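The points treat a few residues and their surroundings in turn.

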Amino acid sequence: MENNIIDPKTLKVQSELPMIEFENRAQLEKRVDAMVDRFTGLVVTKETYKSSKEVRAQINKAIKIIDRQRIDKVKEVKKPIDKFNQHTKSLTKKLSSIADDLNQQLKVYDDKRRAGKHEIQYIKFKQLLDEYGLQEDQIEYNSKWDNLSLAFPTFVKEAKEACRLVEQKQEQLKEIRQAVIARGDELGIGVQPFLEQVGKKDLAAILREMSKYKQELIDVQRKKDELQKEFEKNNKILPNGKVIDTKTGEVVDEKVTVRLIIKDLTRYQIAQLKSYLRDNGLHGTFRVINNEVTNV
């Protein structure tokens, strides 16, 4: 098949550029300049009103005469140009219909090739995920890898690099979780809420919040201890469970037993609830679904 059915080197276009000019250009310019010199600075007054309208009419008439010549001559000169445009468009239109059909067919064919390439490469992609211990929801397959111009080795190289980045990120998150757990053990606080922040906040911010939370617990406990001491100083618990004011002898409170049923708690939530009850001086028995009983 010939590469150039129409060789641009041999394609010749005959053209004679038209010359458009007034035959008496110099005389016309003198007349225009004379009118400009004569009428520039003309002031309309009561006395010159009528003559000013006549001058305006003369100027407008001169403009129309010149413009008419321009319009007519340009239209006349454009005729061969318009004809040439129409002829070339008719030729390219014939070729474009074939090109459009080929474009559509090539697109369909390339789409099938890309689909086939994707199927083969995705198998390799999943193998790489297995090698790096990753799941499909942890890394996104890059649609750019299906481009027909992208070589298979390049795809493998980029996919491995993407897997390594995710692997490094997972290792970093693991180290952060371990640091959070260690800090929680050190502070003696639950870490679940802070583990949920891993990946959303940096480690320094999480550790600051843990320290702040511990201090809040200390402050709350200090306040509770102060209130408890104040309560014990001013009140006395009788054997029958009643609490009386030591100064007035008035009954101010009474101990009761309460059965509380809460469904669908996690182990962490149960531990937090026990801790809360203990911190508030409450004691009792926990019975979970499997009938295991633990004391608070």
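**Notes on selected residues**

1. Leu265 is placed in the loop between strand S3 (251–254) and helix H6 (267–279). Helices (H or I, at least four residues) and strands (E, at least two) are DSSP runs, numbered from the N terminus. The model is predicted, so local features need pLDDT of at least 70 and side-chain atom pairs count only at pLDDT 80 or more, while totals for chains, interfaces and linings use all residues. Residues are numbered from 1 along each chain as its sequence is written, and side-chain values use heavy atoms, with hydrogens and water left out.

2. Patches are made of residues with over 30% relative accessible area and no salt bridge, where like charges are joined within 9 Å and nonpolar side chains (Val, Leu, Ile, Met, Phe, Trp, Tyr) within 5 Å. Accessible areas come from the Shrake-Rupley method with a 1.4 Å probe, and for residues only the protein chains shown count as cover.

3. A negative surface patch is formed by Asp130, Glu131, Glu136 and Asp137. Lys and Arg count as positive and Asp and Glu as negative, whereas His and the chain ends are not counted; the place of a charge is taken as NZ of Lys, CZ of Arg, CG of Asp or CD of Glu. Asp137 is found in the loop between helix H2 (49–132) and H3. With a relative accessibility of 69%, Asp137 counts as exposed.

4. The loop between H2 and H3 also holds Asp146. Asp146 is buried yet has no salt bridge, and Lys117, the nearest side chain of opposite charge, is 6.6 Å away. A salt bridge is a side-chain nitrogen of Lys or Arg within 4 Å of a carboxyl oxygen of Asp or Glu. Leaving aside residues up to four places away in sequence, Asp146 touches Arg114, Lys117, His118, Gln121 and Tyr141; contact means heavy atoms within 4.5 Å.

5. How many salt bridges are there by this rule? The count comes to 13 salt bridges. Side chains of opposite charge can pair when their charged atoms come close. Glu21, Arg25 and Glu29 are linked in a network of salt bridges.

6. In helix H2, Asp111 and Lys107 are separated by about one helical turn because they are four residues apart. Their side chains meet in a salt bridge (3.2 Å, N to O). Asp111 is partly exposed, with a relative accessible area of 31%, and Lys107 is partly exposed at 48% relative accessibility.

7. The side chains of Glu158 and Lys144 form a salt bridge as well (3.0 Å, N to O). This pair links distant parts of the chain, 14 residues apart: Glu158 is in helix H3, and Lys144 is in the loop between H2 and H3. Glu158 counts as partly exposed at 26% relative accessibility, and Lys144 is partly exposed with a relative accessible area of 36%.

8. Glu209 and Lys201 form a salt bridge in which the closest N and O atoms are 2.5 Å apart. Glu209 is partly exposed at 28% relative accessibility, as is Lys201 at 37%.

9. Why does Val198 count as buried? Val198 counts as buried because its relative accessibility is 11%. The residue lies in the loop between helix H4 (192–195) and helix H5 (203–234). Not counting residues up to four places away in sequence, Val198 touches Leu173, Ile176, Arg177, Val180 and Ile206. Although Val198 and Leu173 are 25 residues apart along the chain, their C-alpha atoms are separated by 6.8 Å.

10. Ile181 is found in helix H3 (residues 152–187) and is partly exposed, with a relative accessible area of 37%. Ile181 touches Val191 and Leu195, with residues up to four places away in sequence not counted. From C-alpha to C-alpha, Ile181 and Gln138 are 24 Å apart in space, and they are 43 residues apart in sequence.

11. Ala62 lies in helix H2 and is partly exposed, with a relative accessible area of 24%. The C-alpha atoms of Ala62 and Lys233 are separated by 116 Å, the two residues being 171 residues apart along the chain.

Conventions:
Buried < 20%, exposed > 50% of the residue type's maximum accessible area, 1.4 Å probe, protein only.
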